Amino acid sequence: MPASGIDFCSVSHTYRLDGRVLPSVTEILAPIVDYSMVPPDVLAAAAEFGRNVHLATHLYDLGELDFEQLDPALDPYVRAWARFMEESGAVVIASEQPVVHAKLGYAGTPDRVLAWRDRLVVPDLKSTSVVPRSVGPQTVAYARAYQAMRGGRVPARYCIHLRADGTYRAHARRDPADWSMFLSCLNVYRFNHPHGEKEQ
């Protein structure tokens with residue numbers, strides 16, 4: 001699915017388009033995501049757990065997940081995702097595939113692109129205790145980049161909240177202010193990086 005010229009390095013989490021480094025959606029939205037009250041070790045553990053949930057659900061979608069070898073702590077979250085997929089009837093179009101908005105100069109990796117309810121949907125999977133407000137600007141950035149690459153309508157947006165009890169909640173994100181918020185953060189990023197490229 002990635003457009004021609006996109007290169008993503010998972011080690012440094014760096015996106016390049018035709019050799020030019022682009023900021024990620026996560027970097028751009030950093031000013032509105034405040035974890036300063038969370039102890040660093042707790043934050044690092046939570047981030048690692050979230051990455052493991054994403055990897056496990058990705059493997060599930062590929063049909064490559066061995067539930068017998070799965071960490072018991074991850075099991076309810078994966079089963080919540082499996083339940084969502086079964087009950088919704090959604091079909092995975094792309095999983096963990098980078099997108100880029102060449103005109104606006106940013107990139108990112110949406111969790112999924114789904115065919116659901118007769119249209120394309122960009123969901124973000126969250127395993128946090130509460131749904132962060134930043135998921136609105138996050139999903140609209142991915143959806144707009146996907147449209148910029150593929151054309152057609154802007155995909156619908158959802159947060160699929162996977163919970164520790166094995167259940168899920170699908171939260172539609174429809175606030176038109178989400179795009180304005182993302183563009184504001186993008187402008188702040190550009191102000192702080194007047195030469196375009198982030199520090200390597």
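This is a predicted model: local features need pLDDT of at least 70, side-chain atom pairs count only at pLDDT 80 or more; totals for chains, interfaces and linings use all residues.
Two strands are taken to pair if DSSP finds at least two bridges between them.

## The three-stranded sheet

Tyr15 stands opposite Leu22 in β3. The strands concerned are β2, which covers residues 14-17, and β3; they pair in the antiparallel sense over 3 bridges. Both belong to an open sheet of 3 strands, ordered β1-β2-β3, with antiparallel pairing. Its edges are formed by β1 (6-9) and β3 (20-22), each of which pairs on one side only. From one strand to the next, the twist averages 30 degrees.

The loop between β1 and β2 contains His13. The phi angle of His13 is near 55 degrees, a positive value in a residue other than glycine. With a relative accessibility of 37%, His13 counts as partly exposed.

## The five-stranded sheet

A second open sheet consists of 5 strands in the order β4-β7-β8-β9-β10, and its pairing is mixed. Here the edge strands are β4 (91-95) and β10 (168-172), each pairing on one side only. The twist in this sheet averages 30 degrees from one strand to the next.

Strand β7 (residues 112-116) runs antiparallel to strand β8 (residues 119-126), and 3 bridges join the two. Within this pairing, Trp116 has Arg119 of β8 as its bridge partner. By contrast, β8 and β9 pair in the parallel sense, over 6 bridges. There, Pro123 has Tyr158 of β9 as its bridge partner.

Helix α4 (residues 135-150) lies across β4, β7, β8 and β9 (156-162), and runs at about 140 degrees to β8.

## Burial of β9

In a regular strand, side chains alternate between the two faces of the sheet. Strand β9 is covered on both faces: Ala156, Tyr158, Ile160 and Leu162 are buried on one side, and Arg157, Cys159 and His161 are buried on the other. Because 7 of the 7 residues of β9 are buried, this strand is largely enclosed by the rest of the structure.

Where is Val91 placed? Val91 is in strand β4. Together with Ile93 and Leu120, Val91 forms a nonpolar patch on the surface, with about 230 Å² of accessible area together. The relative accessible area of Val91 is 46%, so this residue is partly exposed.

Glu96 is found in the loop between β4 and β5 (99-101). Phi of Glu96 is near 55 degrees, again a positive value in a residue other than glycine. Glu96 has a relative accessible area of 27% and is therefore partly exposed.

## Salt bridges

The whole structure contains 6 salt bridges. The table sets out some of these pairs.

| Asp75 | Arg79 | 2.8 Å |

Asp75 and Arg79 are 4 residues apart in helix α3 (residues 75-88), and so are separated by about one helical turn. Arg79 is partly exposed, at 40% relative accessible area.

A residue counts as buried under 20% relative accessible area. Asp124, at 2% relative accessibility, therefore counts as buried, and Lys126, at 16%, also counts as buried.

Arg157 and Asp178 are both buried.

Elsewhere, salt bridges that share partners join Asp61, Glu96 and Arg112 into one network. Through Glu96, this network includes a residue of the loop between β4 and β5.

Technical notes: Residues are numbered from 1 along each chain as its sequence is written. Side-chain values use heavy atoms; hydrogens and water are left out. Axes are lines fitted to C-alpha atoms, for helices over the stretch in contact, and angles run from 0 to 180 degrees between N-to-C directions. Contact means heavy atoms within 4.5 Å. Patches are made of residues with over 30% relative accessible area and no salt bridge: like charges are joined within 9 Å, nonpolar side chains (Val, Leu, Ile, Met, Phe, Trp, Tyr) within 5 Å. Accessible areas come from the Shrake-Rupley method with a 1.4 Å probe; for residues, only the protein chains shown count as cover. A salt bridge is a side-chain nitrogen of Lys or Arg within 4 Å of a carboxyl oxygen of Asp or Glu. Buried means under 20% relative accessible area, exposed over 50%, partly exposed in between (1.4 Å probe, protein chains only).
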